[in-house]
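Good morning, colleagues. Please look at the model on the screen while I go through its aromatic rings and the fold around them.

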Amino acid sequence: MRAQKSEQPSKWTIMLYFAADNDLDEAAFKVLRQIKKMGSNPDVNVVAQLDTRGIGHTYRFRLRDERFTLEEDRLSHDREQREINTGDPMELANFLEWAKANFDADHFMLILWGHGRGWELADDDHAPTRAGGRTVSKD
C-alpha cells in the first residue's frame, strides 16, 4: 500500500510514533492491532511509525479497519531499509512532515508511545544532543 495524498482533507489525522526498538516491540504490535478495531475512515486518518527491535526494522502504516491485515496496512517507504533513532528529534520531525504531506487534515493529533524516558538528560554518546541535550525517547 502506498501513501496517497487525498484531494479533500480529513477532519483529523492521528499520528502514532512508536519507540519500540526495545522490549516493547511485541506490545507495540498488539496496540496496532487494537487500534485497527476502529481504524481510519473518511473523517479520520490513523497513521503510525513503528521502530522495532533489530537493525532496519522501522515501518509506517495507515491503519485501516480489521478487514485488512497489518501487512496490508504497511506503507512502502525507505525507512524499512535503514535503522533510525526514534529518540532523535529530527526523526520525529521527519515523521510529522511525512504524515502532514500525505494525510492532510483540518486537525492533527500526535501520540508518542514508548517507555517515556525522553525527558531525561541525554547522558551517553548515542543520544542526540540537539534540543538542549534532551531526546524524544530514550531506549
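Ring pairs join Y17, F95, W98 and F103 into one cluster. By pair I mean that the ring centres of Phe, Tyr or Trp, the last taken by its six-membered ring, lie within 6.5 Å; planes under 30 degrees apart count as stacked, over 60 as edge-to-face, and the rest as tilted. This is a predicted model, in which local features need pLDDT of at least 70 and side-chain atom pairs count only at pLDDT 80 or more, while totals for chains, interfaces and linings use all residues. Residues are numbered from 1 along each chain as its sequence is written, and side-chain values use heavy atoms, with hydrogens and water left out.

A pair of aromatic rings is described by the distance of the centres and the angle of the planes. By this rule there are 5 aromatic pairs. One of them is Y17 with F95, a tilted pair at 5.8 Å centre to centre and 35 degrees between the planes. This pair links distant parts of the chain: Y17 belongs to strand β1 (residues 10-19) and F95 to helix α3 (residues 89-102), 78 residues apart. Helices (H or I, at least four residues) and strands (E, at least two) are DSSP runs, numbered from the N terminus. Y17 and F95 are both buried, where buried means under 20% relative accessible area, exposed over 50%, and partly exposed in between, with a 1.4 Å probe and protein chains only.

Y59 and F61 form another tilted pair, with 6.5 Å between centres and 55 degrees between planes. Y59 lies in strand β3 (residues 58-62).

Two charged side chains also face rings. The charged end of R60 sits over the ring of W98, 4.6 Å from its centre, and that of K100 sits over the ring of F108, at 5.3 Å. The criterion is NZ of Lys or CZ of Arg within 6 Å of the ring centre and within 35 degrees of the ring normal.

I turn now to the fold. The protein chain has 4 helices and 5 strands, in the sequence pattern β-α-β-β-α-β-α-β-α. An open sheet of 5 strands has the order β4-β3-β2-β1-β5, with mixed pairing; two strands pair if DSSP finds at least two bridges between them. Its edge strands are β4 (74-75) and β5 (105-113), each pairing on one side only. Strands β1 and β5 run parallel and are joined by 8 bridges.

Helix α3 lies across β1, β2, β3, β4 and β5, at about 155 degrees to β1. Helix α1 (residues 25-35) lies across β1, β2 (44-51), β3 and β5, at about 170 degrees to β2. Axes are lines fitted to C-alpha atoms, for helices over the stretch in contact, and angles run from 0 to 180 degrees between N-to-C directions; contact means heavy atoms within 4.5 Å.

Finally, buried residues make up 42% of the 139 residues in the protein chain. Among contacts between residues at least 6 apart in sequence, 67% join residues at least 24 apart.
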